[in-house]
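Student: I have a model open and want to go through it. Can you show it and walk me through some strands and charged pairs?

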Amino acid sequence: MKIRVATYNIHKGVSSFRSTPRVLALKKAIGLFDANVVFLQEVQGRHDRHQARYGEKVRKPHHHWPEGSQHEFLAGEDLHSAYGMNAVYDHGHHGNALLSAYPIANMHNHDVSDHAYEQRGILHCILETPSCNIHCYVVHLGLFEGSRRRQTDALINAVQDSAPNGEPVIIAGDFNDWRNTLSDCLRLKLGVVEVFDELAKPSRIGGIGDMVRGVAGRERRLVPARTFPAAMPWFRLDRIYVRGFSVEHAEVLHGPQWAKLSDHAPIVASLQLA
């Protein structure tokens with residue numbers, strides 16, 4: 001079975017500059033992924049102020065703000081959706097969400113907040129596909145390295161508890177792990193690979209760098225793709241880790257179109273169930 005997945009931090013549905021509503025444009029852009037499953041971060045479940053300012057009665061349709069939650073609007077009638085509320089404030093709340101072409105059999109939001117100033121969660125959904133159940137974990141880790149390490153431990157425990165028998169797993173989201181200190185731990189503890197790991201494997205012919213590493217007895221360094229900022233990606237913040245899949249293709253979508261929508265660039269990957 002082939003499955004196409006994407007991860008995208010949508011910046012609460014507003015542009016990076018001037019905080020202009022981009023929810024309608026985001027829905028169209030997400031459709032371009034042609035993905036079966038989309039992992040979303042910073043999804044606005046409710047925002048009373050934007051709703052009052054940009055709601056249905058506003059004459060500018062491109063500034064449209066949905067009456068309901070963003071994840072339901074983005075899913076439309078064609079996709080199933082789940083939402084994990086993390087950050088709550090007087091005028092609304094936001095969190096992680098999953099959009100799926102497959103039925104969502106079960107969902108649970110794990111609170112992994114590490115301190116009072118950052119509310120973080122891991123949204124776990126079990127998808128019913130024609131071949132098997134797939135465990136999906138939507139992740140958005142904290143801004144501080146110590147918090148990220150503790151939240152990664154919580155993620156590892158959650159996966160080990162909910163998918164203990166080697167079931168297919170997809171973990172995706174914004175890890176804020178710009179120094180790439182968490183990947184080795186996830187590979188070791190969960191048996192996952194990051195989708196760009198496969199693309200980093202040397203070819204049969206190989207280049208000079210591969211020859212030098214071979215002579216020196218060193219392996220090629222595995223690094224995720226650059227996704228932030230979207231206008232000129234430099235930091236490696238967003239990831240897709242998989243278990244039980246082979247990776248056929250993975251790419252970061254960047255350029256002027258995507259820079260207008262969010263401060264993060266999305267990642268799209270095509271997978272084959274092993």
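This is a predicted model: local features need pLDDT of at least 70, side-chain atom pairs count only at pLDDT 80 or more; totals for chains, interfaces and linings use all residues.

Student: Start with the open sheet. What's the strand order?

Tutor: The order is β3-β4-β2-β1-β12-β11, six strands with mixed pairing. Strands here are DSSP runs of E, at least two residues, and helices are runs of H or I, at least four, numbered from the N terminus. Two strands pair if DSSP finds at least two bridges between them.

Student: Which strands stand at the edges?

Tutor: β3 (80-89) and β11 (245-252). Each has a single partner strand, so one side of each lacks a neighbour in the sheet.

Student: How do β1 and β12 pair?

Tutor: Antiparallel, over six bridges, with β1 at residues 2-9 and β12 at residues 267-273. T7 stands opposite I267 in β12.

Student: New topic. Is β10 buried or exposed?

Tutor: Six of the six residues of β10 (residues 238-243) are buried, so the strand is largely enclosed by the rest of the structure. Buried means under 20% relative accessible area, exposed over 50%, and partly exposed in between (1.4 Å probe, protein chains only). D238, I240 and V242 cover one side of β10, and R239, Y241 and R243 the other.

Student: Which strands run antiparallel to β10?

Tutor: β8 is joined to β10 by six bridges. Strand β9 (residues 193-194) is joined to β10 by two bridges. The bridge partner of V193 in β10 is V242.

Student: What stands opposite D174 in β10?

Tutor: D238. D174 itself is found in strand β8 (residues 169-174).

Student: And where is the nearest opposite charge to D174?

Tutor: That is the side chain of R120, 5.9 Å away. D174 is buried yet has no salt bridge. A salt bridge is a side-chain nitrogen of Lys or Arg within 4 Å of a carboxyl oxygen of Asp or Glu. For charge, Lys and Arg count as positive and Asp and Glu as negative, while His and the chain ends are not counted.

Student: What does D174 touch, then?

Tutor: Its contacts include N9, H140, D238 and H264, not counting residues up to four places away in sequence. Contact means heavy atoms within 4.5 Å. The backbone nitrogen of N176 also lies 3.1 Å from a polar atom of the D174 side chain.

Student: Back to R120. Which residue does R120 meet in a salt bridge?

Tutor: E118, at 2.8 Å, N to O. R120 is buried at 11% relative accessibility, and E118 is buried at 8%.

Student: How many salt bridges by this rule?

Tutor: Nine. One of them joins R150 and D114, with the closest N and O atoms 2.8 Å apart. R150 is in helix α4 (residues 145-162) and D114 in the loop between β5 (104-111) and β6 (121-128), 36 residues apart. D114 is partly exposed, at 28%.

Student: Which residues are linked in a network?

Tutor: E145, R149 and R179 are linked by salt bridges. In the R179 and E145 pair, the closest N and O atoms are 2.8 Å apart. R179 lies in the loop between β8 and α5 (183-190) and E145 in helix α4, so the pair ties together parts 34 residues apart in sequence. R179 is partly exposed at 43%, and E145 is partly exposed at 26%.

How values were computed:
Residues are numbered from 1 along each chain as its sequence is written. Side-chain values use heavy atoms; hydrogens and water are left out. A polar contact is a pair of N or O atoms within 3.5 Å; within protein, one must be able to donate a hydrogen and the other to accept it, and residues adjacent in sequence count only if both atoms are side-chain atoms.
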